[in-house]
Amino acid sequence: MTAMNIPVPPRRPRPRAAILPSAVIAALALSACGADADTRAETDDGGEVEVNAPVVATYDGGILVLDGESLEVEADLPLDGFNRLNAAGDGRHVLVSTQAGFQVLDAVGAELTEDTFDAAEPGHVVPHAGATALFADGTGEVTLFDPTELGDGLPDAETLTTEHAHHGVAVLLEDDELALTLGDDQERTGVRVLDADREEVARTEECPGVHGEATAEGGVAAFGCEDGMVIYHDGDFTKVESPDDYGRIGNQAGHDDSGYLLGDYKVDPDAELERPERVAVVDAGSGDLELVDLGTSYSFRSLARGPHGEGLVLGTDGALHEIDLESGEITDSLPVVDAWEEPMEWQDPRPTIHVRDHTAYITDPDARTLTAVNTDTGAVEAETELPETPNELTSP
């Protein structure tokens with residue numbers, strides 16, 4: 001990204017994109033017992049929508065499905081409640097975390113289907129190694145399925161339950177190993193790994209407050225802790241210690257062609273909301289941890305990886321900062337949105353980055369815009385004004 005040498009066009013949002021009419025909109029009545037929905041966008045002549053490289057955003061009261069190149073809004077799908085978005089892992093579907101569970105959204109067809117993986121307090125969704133792992137925080141149940149089988153009802157799935165319900169995560173590794181967190185409703189302590197027969201083969205309880213996961217080159221899996229990180233590779237766990245007694249890495253971004261991991265970094269256990277200005281860079285091979293000072297704060301929705309493994313952080317200064325993770329140097333900074341401040345409530349909208357291939361999609365909730373930036377050149381490829389205030393953002 002060579003942003004400083006490329007003129008960035010003035011931020012002139014397009015006129016608000018037209019929303020295609022929906023011929024079938026079922027009222028959604030969500031409860032803890034379930035949700036019913038069959039919302040499909042149609043073209044003016046009655047044909048079904050086929051969205052090009054879709055990008056999906058939530059807002060308070062629904063979901064927007066956009067063309068990933070033009071950023072035109074192709075469908076507005078009503079859905080009550082605070083809903084979260086997760087890539088399903090097949091390039092077509094998105095899983096929407098609702099009160100009922102993980103509901104399947106066909107992003108290419110712009111259809112919110114009735115298919116729902118039942119889950120009490122649906123949490124993390126992790127596609128990796130040919131399977132997608134769902135974690136239900138309310139029960140500790142893990143569901144594994146082949147995402148390529150989505151599209152005609154729910155696919156066959158493997159399920160297992162952790163010893164205690166907790167806010168956790170699971171990820172399928174190479175050789176059909178499964179890593180999943182340890183914890184209960186009082187504390188989270190570590191990670192264990194099960195083999196293909198789902199027998200435990202490795203465990204660490206040296207990861208207080210374990211949260212999030214990322215994978216890296218060579219089959220590495222990493223998990224954040226309140227005092228650093230734990231890395232699993234070739235059957236063994238390695239502890240990466242933070243330089244501070246409390247140095248929490250709670251969110252990580254990995255890349256399967258890079259040996260480095262990017263994480264957030266917080267040092268105040270008593271803060272109602274800490275606004276850190278340093279990020280953690282971990283060498284998965286050596287276990288070394290380096291802190292990079294951005295000179296600006298960021299949020300948990302600010303971390304991403306570029307197509308070449310570079311680290312990308314969207315700062316509250318409104319700039320997209322590129323980090324060479326091997327050297328720990330900030331190599332570029334591109335102004336994209338206006339300066340902003342992280343809200344106190346984590347559910348509230350804030351500028352968010354999502355990277356697909358060589359494009360970084362960045363929202364600005366205050367301006368209600370979505371901007372597409374080429375990560376190689378720094379050029380703004382497209383920008384649009386949205387009909388609603390965007391919150392979460394992803395693509396299939």
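Analyst: Glu205 is exposed, with a relative accessible area of 52%; here buried means under 20% relative accessible area, exposed over 50% and partly exposed in between, with a 1.4 Å probe and protein chains only. This is a predicted model, in which local features need pLDDT of at least 70 and side-chain atom pairs count only at pLDDT 80 or more, while totals for chains, interfaces and linings use all residues. Residues are numbered from 1 along each chain as its sequence is written, and side-chain values use heavy atoms, with hydrogens and water left out.

Glu205 forms a salt bridge with Arg203, with 3.1 Å between the closest N and O atoms. A salt bridge is a side-chain nitrogen of Lys or Arg within 4 Å of a carboxyl oxygen of Asp or Glu, and by this rule the count comes to 11. Arg203 is partly exposed, at a relative accessible area of 41%.

A second pair is Glu392 with Arg301, whose closest N and O atoms are 3.2 Å apart. Glu392 lies in the loop between strands E32 (380–385) and E33 (393–394), and Arg301 in the loop between strands E24 (289–293) and E25, so this pair ties together parts that are 91 residues apart in sequence. Strands (E, at least two residues) and helices (H or I, at least four) are DSSP runs, numbered from the N terminus. Glu392 and Arg301 are both buried. Elsewhere, salt bridges with shared partners join Arg192, Glu200, Arg203 and Glu205 into one network.

Arg198 also forms a salt bridge, with Asp176, at 3.3 Å between the closest N and O atoms. The two are 22 residues apart and link distant parts of the chain: Arg198 is in the loop between strands E15 (188–194) and E16, and Asp176 in the loop between strands E13 (170–172) and E14 (178–183). Arg198 counts as buried at 19% relative accessibility, whereas Asp176, at 35%, counts as partly exposed.

A covalent link comes next. The structure holds 1 disulfide, a disulfide being a pair of cysteine sulfur atoms within 2.5 Å. Cys207 and Cys225 form it, with their sulfur atoms 2.0 Å apart. The torsion about their S-S bond is about -105°, so the disulfide is left-handed. Cys207 lies in the loop between strand E16 (200–204) and E17, and Cys225 in strand E18, so the link ties together parts 18 residues apart in sequence. Both Cys207 and Cys225 are buried.

Strand E18 belongs to an open sheet of 4 strands in the order E17-E18-E19-E20, with antiparallel pairing; two strands pair if DSSP finds at least two bridges between them. Strands E17 (211–216) and E20 (236–241) stand at the edges with a single partner strand each, so one side of each has no neighbour in the sheet. Within the sheet, E18 (residues 220–225) and E19 (residues 228–233) run antiparallel and are joined by 5 bridges. Gly224 stands opposite Met229 in E19.

The loop that holds Arg301 lies between E24 and E25. Strand E25 (residues 303–305) pairs with E26 in the antiparallel sense over 3 bridges, and Arg305 stands opposite Gly311 in E26. The hairpin of E25 and E26 has 5 residues between the strands, and Gly309 takes a positive phi near 90° there. From strand E26 (residues 311–314), Gly311 and Val313 point one way and Leu312 and Leu314 the other, and all are buried.
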